[in-house]
Amino acid sequence: MSSGEASVPATLAEQAAANLRHPLSVALIVLTFSTGIVDAVSYLGLGRVFTANMTGNVVLLGFGIAGAGGLPVVSPIVSLAAFIVGSGIGGALARRMGDRHPRHVSYALGLEATLLAGAAVLAAATDPHPATFAADAMIALMAAAMGIRNATARRLAVPDLTTTVLTMTITGLAADSTLAGGTGKGSLRRVSAVVAMLAGAVAGALLLRPGPTLPLAVAAALALATCVAYRAAAG
């Protein structure tokens, strides 16, 4: 791994992986919960597109290109492009500030909160509907925020707490379980990540009923609260 991709000090990532009450673990679990909210808004409210789960987005884009199920093409492309831009910003931030860990996390979460708040304001001002400019603008803001988050979580490198992807987390849960002959180590961390995202998706779907403004405001508030709380705990 190159110096530009180096993770936070191994002891910090190991401590977070070993203890769910570690401030970094708590922060990542909260952010995993907010991922469920964000994807609930984009998928259910803005036209069958993900803004955090890019694997699902690529698959949905393929379905849309094939003309299956009336799925969109433009919105997934907007989401992918914005996520890539956000990831690039997150990567640049990690290279410049990664050695100042608390500040790095604070800046990344501050940017995420700002972008999600912008999407909430846009939702309140435009009452967006799928396949409209306003909806695609919201998708771009949300996906850019998740790209920054994903690049930051990649730098932190806490096992199973990527905050946006669960495929390998669920794989590890099953493959390392005692039923499969493994030790079961890390099962609590993995289950916590799955439950957090599931709970976030449920919360997002419920909060979305009156419109996308409220769930986006909640997601922005969670990012901001996590930023402040983690900076204080790390300091």
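What share of the contacts in the protein chain with a separation of 6 or more comes from residues 24 or more positions apart? Such residues account for 69% of these contacts, where contact means heavy atoms within 4.5 Å. The structure is a predicted model, in which local features need pLDDT of at least 70, side-chain atom pairs count only at pLDDT 80 or more, and totals for chains, interfaces and linings use all residues. Residues are numbered from 1 along each chain as its sequence is written, and side-chain values use heavy atoms, with hydrogens and water left out.

The protein chain has nine helices and zero strands. Helices (H or I, at least four residues) and strands (E, at least two) are DSSP runs, numbered from the N terminus. From that end on, the elements run α-α-α-α-α-α-α-α-α. The C-alpha trace spans about 45 × 40 × 35 Å along its principal axes. A compact globule of 235 residues would have a radius of gyration near 18 Å, and the protein chain agrees, with 17 Å. This radius is taken over C-alpha atoms, and the globule rule is 2.2 Å times the number of residues to the power 0.38. Of the 235 residues, 46% are buried. Buried means under 20% relative accessible area, exposed over 50%, and partly exposed in between (1.4 Å probe, protein chains only).

In soluble globular proteins, nonpolar side chains tend to be buried together. Here, the largest nonpolar core has 27 residues. A nonpolar core is a set of buried Ala, Val, Leu, Ile, Met, Phe, Trp, Tyr and Cys residues joined through side-chain atoms within 4.5 Å. The residues with the most contacts inside the largest core are Leu 46, Leu 116, Met 142, Met 146 and Leu 216. At least two residues of this core come from each of α2, α3 (54-65), α4 (74-97), α5, α6 and α9 (213-234). Helix α6 gives the largest share, eight residues. With neighbours within four places in sequence left aside, Leu 46 is in contact with Val 41, Pro 128, Pro 130, Ala 135, Met 138, Ile 139 and Met 142.

Leu 80 is found in helix α4. This residue is buried, with a relative accessible area of 18%. Leaving aside neighbours within four places in sequence, Leu 80 is in contact with Met 54, Asn 57, Val 58 and Leu 61. Val 49 is 31 residues from Leu 80 along the chain, and their C-alpha atoms are separated by 9.9 Å.

A search of the whole structure finds one cavity of 30 Å³ or more. The largest cavity has a volume of about 100 Å³. Of the 15 residues that line the largest cavity, Leu 31, Val 105, Leu 109, Thr 152 and Leu 156 are the closest to its centre. On a 1 Å grid over the protein atoms alone, a cavity is a set of points where a 1.4 Å probe fits but cannot get out; a pocket is an open set with protein on both sides within 12 Å along at least five of seven lines; lining residues have an atom within 4 Å of a point. Grid points are joined across faces, edges and corners, and a volume is the space filled by probe spheres set on the points. Helices α2 (23-45), α5 (101-126) and α6 (133-156) each supply at least two residues of the cavity lining. The largest share, five residues, comes from α6. By class, the lining divides into eleven nonpolar, two polar and two charged residues. Ala, Val, Leu, Ile, Met, Phe, Trp, Tyr, Cys and Pro count as nonpolar, Asp, Glu, Lys and Arg as charged, and the others, Gly among them, as polar.

The second largest pocket has a volume of about 150 Å³. Its lining includes Gly 36, Asp 39, Tyr 43, Phe 50 and Met 197. Helices α2 and α8 (187-207) each supply at least two residues of this lining. Helix α2 gives the most, with five residues. The lining has nine nonpolar, two polar and one charged residues.

Two alanines in loops have a positive phi. Ala 131 is found in the loop between α5 and α6, and its phi is near 65°. This residue counts as exposed, at 71% relative accessibility. Ala 157 lies in the loop between α6 and α7 (167-175), with a phi of about 60°. Ala 157 is partly exposed, with a relative accessible area of 37%.
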